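Reader: Please show me the model, and then let me ask how each label you use was reached.

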Amino acid sequence: MVNPWKTYVKLSAVLMGSHGLTKGSLAFLNYPAQLMFKSTKVLPVMVMGAFIPGLRRKYPPHEYVSAILLVLGLILFSLADAQTSPSFSVIGVIMVIGALVMDSFLGNLQEAIFNMNPETTQMEMLFCSTVVGLPLLIPPMVLTGEVFEAWNSCSEHLYVYGVLVFEAMATFIGQVSVLSLIAIFGAATTAMVTTARKAVTLLLSYMIFTKPLTQQHGTGLILIAMGITLKLLPVDVKPVYKGVSSASGRRGSSSSGGHEIEEEENPMV
């Protein structure tokens, strides 16, 4: 370990708040409505990145335009789906907004840890934040009785164990990939990638379950494609970091000699 445990306690608390509020909101909102709110995550992540100590990031105007196009496209796509089963609740809206606030801290905190301590690896961050969260989650599960219900249900349906193992493996690969994106490209770019992934999830849902695609769905997909294309356009302006000398060395140049550093030599990659 290269970071103190108190760092991962803070990170784990934000992580549990984000996932808990997100999953809990589904009891009061349908999935498309929840996805509509969550699709705006990239904007608070970009804004919060300008205030997190160790980042102080600045983005060129075209990145904000790209984020707005992506968000608008996914909102249109989600609203078209929400029209079939609208079930909005004030409690669910409050919970998903709280999850957005947690998300805006989560990605930027992870990026700040990578920047302030370049020796941090994705494995360390994933393992430590999970280990810290485990003892914090067990007491409420015992008090509510959920852990006993889950145990009995799994005993009756043994195939669930196989599903859980597969889901754990897929989640591990996904989380390591997200942490790698944060370490290399930053929290804002990662938020845009995960937001675009939501659009792909919805599109696959329509293709697999043969749902009708309306004109509003097509408009949303066009806006999403425009946002992604605008983000991928090469520009000379790069995000600016203030007060972090290690960030420049981690991203390709040495602060002492100015020589290029191969990415393969970086322990985070």
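**Labels and their cut-offs**

Author: In helix H1, the residues Tyr8, Leu11, Ser12, Val14, Leu15, Gly17, Ser18, Thr22 and Ser25 are buried. The model is predicted, so that local features need pLDDT of at least 70 and side-chain atom pairs count only at pLDDT 80 or more, whereas totals for chains, interfaces and linings use all residues. Residues are numbered from 1 along each chain as its sequence is written, and side-chain values use heavy atoms, with hydrogens and water left out.

Reader: What makes a stretch a helix here, and how many helices are there in the protein?

Author: Helices are DSSP runs of H or I with at least four residues, strands are runs of E with at least two, and both are numbered from the N terminus. The protein has eleven helices and zero strands.

Reader: Why is Leu134 called exposed rather than buried?

Author: Buried means under 20% relative accessible area, exposed means over 50%, and partly exposed lies in between, with a 1.4 Å probe and protein chains only. Leu134 has 52% relative accessibility and therefore counts as exposed. Leu134 belongs to helix H6, where the buried residues are Gln122, Glu124, Met125, Leu126, Cys128, Ser129, Val132 and Gly133. Of the 269 residues of the protein, 39% count as buried.

Reader: How do you know that the span of H6 agrees with its number of residues?

Author: The expected span of a helix is 1.5 Å times one less than its number of residues. The 23 residues of H6 should therefore span 33 Å, and its end C-alpha atoms are 33 Å apart, which agrees. For helix H8 (residues 159-185), the 27 residues should span 39 Å, and the end C-alpha atoms are 39 Å apart, so the values agree here too. Within H8, Val160, Val176, Leu179, Ile182 and Ala183 are buried, and H8 is followed by Gly186, whose phi is positive, near 105°.

Reader: Where does H6 bend, and what is meant by a bend?

Author: The bend at a residue is the angle between axes fitted to the seven residues ending there and the seven starting there. H6 bends by about 30° at Leu134, and a proline, Pro135, follows within four residues.

Reader: What makes the nonpolar patch a patch, and which residues form it?

Author: Patches are made of residues with over 30% relative accessible area and no salt bridge, where like charges are joined within 9 Å and nonpolar side chains (Val, Leu, Ile, Met, Phe, Trp, Tyr) within 5 Å. A salt bridge is a side-chain nitrogen of Lys or Arg within 4 Å of a carboxyl oxygen of Asp or Glu. Leu134, Leu137, Ile138, Met141, Val142, Val147 and Phe148 form the nonpolar patch on the surface, with about 590 Å² of accessible area together. Helix H6 (122-144) and helix H7 (146-156) each give two or more residues to this patch, and H6 gives the most, with five residues. Phe148 is found in H7.

Reader: What makes a set of residues a nonpolar core, and which members of the largest one touch the most others?

Author: A nonpolar core is a set of buried Ala, Val, Leu, Ile, Met, Phe, Trp, Tyr and Cys residues joined through side-chain atoms within 4.5 Å. Of the 17 residues in the largest nonpolar core, Val42, Met46, Leu74, Leu202 and Ile224 touch the most other members.

Note on methods
Areas by Shrake-Rupley, 256 points an atom, 1.4 Å probe, with all protein chains shown as cover.
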